[in-house]
Amino acid sequence: EILAIEDSDQAKKDAHPFIGERIKITGTSRDDLNGTGGLVQDFDETKGRYVVLLDAKEGEEAKPFKLKSENIKLEAEADAEAAAAVAEAADEDAELAAALALSQGKAPSKDEPPRLLHVQIYRG
């Protein structure tokens, strides 16, 4: 009997691979939820949604929330995408700083950190 329960759990996990995984919420219409982490506990077959125990915010208890699969990313995958976006933005800032230095007749310095720039484009 216990083996049947374990087989059933494994079949459910195979059908719904996010079960038991740490995730981050993405792409919902609720900005307060996007970026929130949680642990996927189950899949609600009647609603077609994952049951996620959301990470507790300071002073609050963790609470379950039902989410569509398209609004869930594995935490490691979401963190890797965020790190790549930060690195890309840093590269763009460095390119802009170098372009500014060149436009002012200066050679860009590797020792000088990139500065944030404000650029306005006028079309007339």
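**Entry: E2 and E3.** I started with the pairing of E2 and E3, which run antiparallel and are joined by 6 bridges. This is a predicted model, so I keep that in mind throughout. I looked up Asp44, which sits in strand E2, residues 37-44. Its bridge partner in E3 is Arg49.

**Entry: the whole sheet.** Next I asked myself: in what order do the 5 strands of the open sheet lie? I read the order as E4-E3-E2-E1-E5, with antiparallel pairing. The edge strands are E4 (64-67) and E5, each of which pairs on one side only. From one strand to the next, I find an average twist of 50°.

**Entry: E1.** Then I moved to E1. With E2 it runs antiparallel, and 3 bridges join the two; here I noted Gly38 in E2 as the bridge partner of Ile23. With strand E5 (residues 72-74), E1 also pairs in the antiparallel sense, over 3 bridges. On that side I found Ile25 opposite Ile72 of E5.

Which residues of E1 lie on its covered face, and which on its uncovered one? In this strand, residues 22-25, I list Ile23 and Ile25 as covered, and Arg22 and Lys24 as uncovered.

In soluble globular proteins, nonpolar side chains tend to be buried together.

**Entry: back to Asp44.** Is Asp44 buried or exposed? I call it buried, because its relative accessible area is 14% and the cut-off for buried is under 20%. Not counting residues up to four places away in sequence, Asp44 touches Arg49, Val51 and Lys66. I also noted a polar contact of 2.5 Å between the side chains of Asp44 and Thr46.

Lys66 forms a salt bridge with Asp44, the closest N and O atoms being 2.5 Å apart. This pair links distant parts of the chain, with Lys66 in strand E4 and Asp44 in strand E2, 22 residues apart. Lys66 itself counts as partly exposed, at 38% relative accessibility.

**Entry: the other charged pairs.** How many salt bridges are there? I count 4 salt bridges. Another that I looked up joins the side chains of Glu75 and Arg22, at 3.1 Å from N to O. That pair also links distant parts of the chain: Glu75 is in helix H2 (residues 75-103), Arg22 in strand E1, 53 residues apart. Arg22 counts as partly exposed, at 33% relative accessibility. I then followed the network of salt bridges that links Arg22, Asp55 and Glu75.

My last stop was Asp32 and Arg30, whose side chains meet in a salt bridge of 2.7 Å, N to O. Asp32 is partly exposed at 42% relative accessibility, and Arg30 is partly exposed at 38%.

Notes: Residues numbered from 1 in each chain as written. Predicted model: local features only at pLDDT ≥ 70, side-chain atom pairs only at ≥ 80, totals over all residues. Heavy atoms only, no water. Helix = DSSP H or I, 4+ residues; strand = E, 2+ residues; numbered from the N terminus. Buried < 20%, exposed > 50% of the residue type's maximum accessible area, 1.4 Å probe, protein only. Polar contact = N/O pair within 3.5 Å; in protein donor to acceptor, adjacent residues only side chain to side chain. Contact = heavy atoms within 4.5 Å. Pairing = 2+ DSSP bridges. Axes fitted to C-alpha atoms, helices over the stretch in contact; angles between N-to-C directions.
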